[in-house]
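Work through these exercises with the structure open beside you. Try each task before reading its solution.

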Amino acid sequence: MFYTGGWVHVICGCMFCGKTDEMLRLLRRFSIAGRRVVLIKPRLDTRTDEATVVSRSGAHHRAATVDDSRGIDAVVGNADIVAIEEGQFFDEALPDVVTRLADAGKQVLVTGLDTDFRGIPFGAMPRLMALADQVTKLTAICMVCGEPATRTQRLIDGEPAPADSPLIVIGGMGDEKYEARCRQHHEVPAAQLA
Ligand SMILES: [Zn+2]
């Protein structure tokens, strides 16, 4: 595919579907062609302005961190390609920022979880997907049955996390982990009444 003007490409899916690997593959391809690339991620628990995005396969790329979508313009500079990681953790203004960058002729790639651990559309991702020129929705493999997985299962102490557990956990709460699951094996118990 040729990119002659602005373009928005969203790469989404559940955890373990290879979003970051796909993003880094595309960035490598752009870099080889001499295009100027900037990779941006939201600042979550890190204090640093410079970070590295590392995929589960070990591929990595230097990244700038920003506090919110308003911080994106300041780090874009003269880049031709603007890549944004973890789109689901940005605020609701992200689709507007991305649209403006594309209107200015930049190719914008955004990765993110399309749904949260409850299976509910995550943050600004659904609007971003609707406004995008191209959406790549990747699947993982269900850790229960081996079928294609589209959902992120959160487990706390080995049990499916209830619907009212916090959406974003930084630093962890107890023994928390995630698995890719298919629709059939994705479990979200109803909120626990205190
Ligand atoms: Zn399954």
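This is a predicted model: local features need pLDDT of at least 70, side-chain atom pairs count only at pLDDT 80 or more; totals for chains, interfaces and linings use all residues.

**Exercise 1. Describe the zinc site: which atoms coordinate the ion, and what is their arrangement?**

Step 1. List the donors. They are the SG atoms of Cys142, Cys145 and Cys182, together with ND1 of His185. Their distances to the zinc ion are 2.2 to 2.3 Å.

Step 2. Look at the angles. The 4 donor atoms subtend 97 to 117° around the zinc ion, which makes the arrangement tetrahedral. The cut-off asks that all angles lie between 85 and 135 degrees. For comparison, the ideal angle for four tetrahedral donors is 109.5 degrees.

Step 3. Read the donors along the chain. Their spacing is C-x2-C-x36-C-x2-H.

Step 4. Cys142 lies in the loop between strand E8 (140-141) and strand E9 (148-149), and Cys182 in the segment after strand E12 (176-181), so the pair ties together parts that are 40 residues apart in sequence.

Step 5. Cys142 counts as buried, at 3% relative accessibility. Cys182 is buried too, with a relative accessible area of 6%.

**Exercise 2. Which order do the strands of the open sheet of 3 strands have?**

Step 1. Write down the order: E11-E10-E12, with antiparallel pairing.

Step 2. Find the edges. Strand E11 (159-160) and E12 are the edge strands, as each pairs on one side only.

Step 3. Examine one pairing. Strand E10, residues 151-156, is joined to E12 by 6 bridges. Within this region, Ile156 stands opposite Glu176 in E12.

Step 4. Follow the side chain of Glu176. It makes a polar contact with the side chain of Arg154, at 2.9 Å. The side chain of Glu176 makes another polar contact with the side chain of Tyr178, at 3.2 Å.

**Exercise 3. Where is Ser165 found, and is it buried or exposed?**

Step 1. Find the residue. Ser165 sits in the loop between E11 and E12.

Step 2. Ser165 counts as buried, because its relative accessibility is 12%.

Step 3. Trace its polar contacts. The side chains of Ser165 and Arg154 are joined by a polar contact of 3.0 Å. A polar atom of the Ser165 side chain also lies 2.9 Å from the backbone oxygen of Pro162.

Step 4. List its contacts, leaving aside neighbours within four places in sequence. Ser165 is in contact with Phe117, Arg154 and Ile156.

Step 5. Link this to the previous exercise. Arg154 makes side-chain polar contacts with Glu176 and with Ser165.

**Exercise 4. Classify the aromatic pair: what is the angle between the ring planes of Phe89 and Phe122?**

Step 1. Count the pairs. The structure holds 1 aromatic pair.

Step 2. Take the geometry. The ring centres of Phe89 and Phe122 are 6.0 Å apart and the planes are at 90°, so the pair is edge-to-face.

Step 3. Phe89 lies in the loop between strand E5 (81-84) and helix H3 (94-103), and Phe122 in the loop between strand E6 (107-113) and helix H4 (125-131), so the pair ties together parts that are 33 residues apart in sequence.

Step 4. Phe89 is partly exposed, with a relative accessible area of 26%, whereas Phe122 is buried, at 5%.

Definitions and conventions:
Residues are numbered from 1 along each chain as its sequence is written. Side-chain values use heavy atoms; hydrogens and water are left out. Donors are N, O and S atoms within 2.8 Å of the metal (3.2 Å for Na, K and Ca); water is not among the atoms, so sites may look incomplete. Four donors count as tetrahedral if all angles lie between 85 and 135 degrees; four count as square planar and six as octahedral if opposite donors are over 155 degrees apart and all others between 65 and 115; anything else is irregular. Helices (H or I, at least four residues) and strands (E, at least two) are DSSP runs, numbered from the N terminus. Buried means under 20% relative accessible area, exposed over 50%, partly exposed in between (1.4 Å probe, protein chains only). Two strands pair if DSSP finds at least two bridges between them. A polar contact is a pair of N or O atoms within 3.5 Å; within protein, one must be able to donate a hydrogen and the other to accept it, and residues adjacent in sequence count only if both atoms are side-chain atoms. Rings of Phe, Tyr and Trp (its six-membered ring) pair if their centres lie within 6.5 Å; planes under 30 degrees apart count as stacked, over 60 as edge-to-face and the rest as tilted. Contact means heavy atoms within 4.5 Å.
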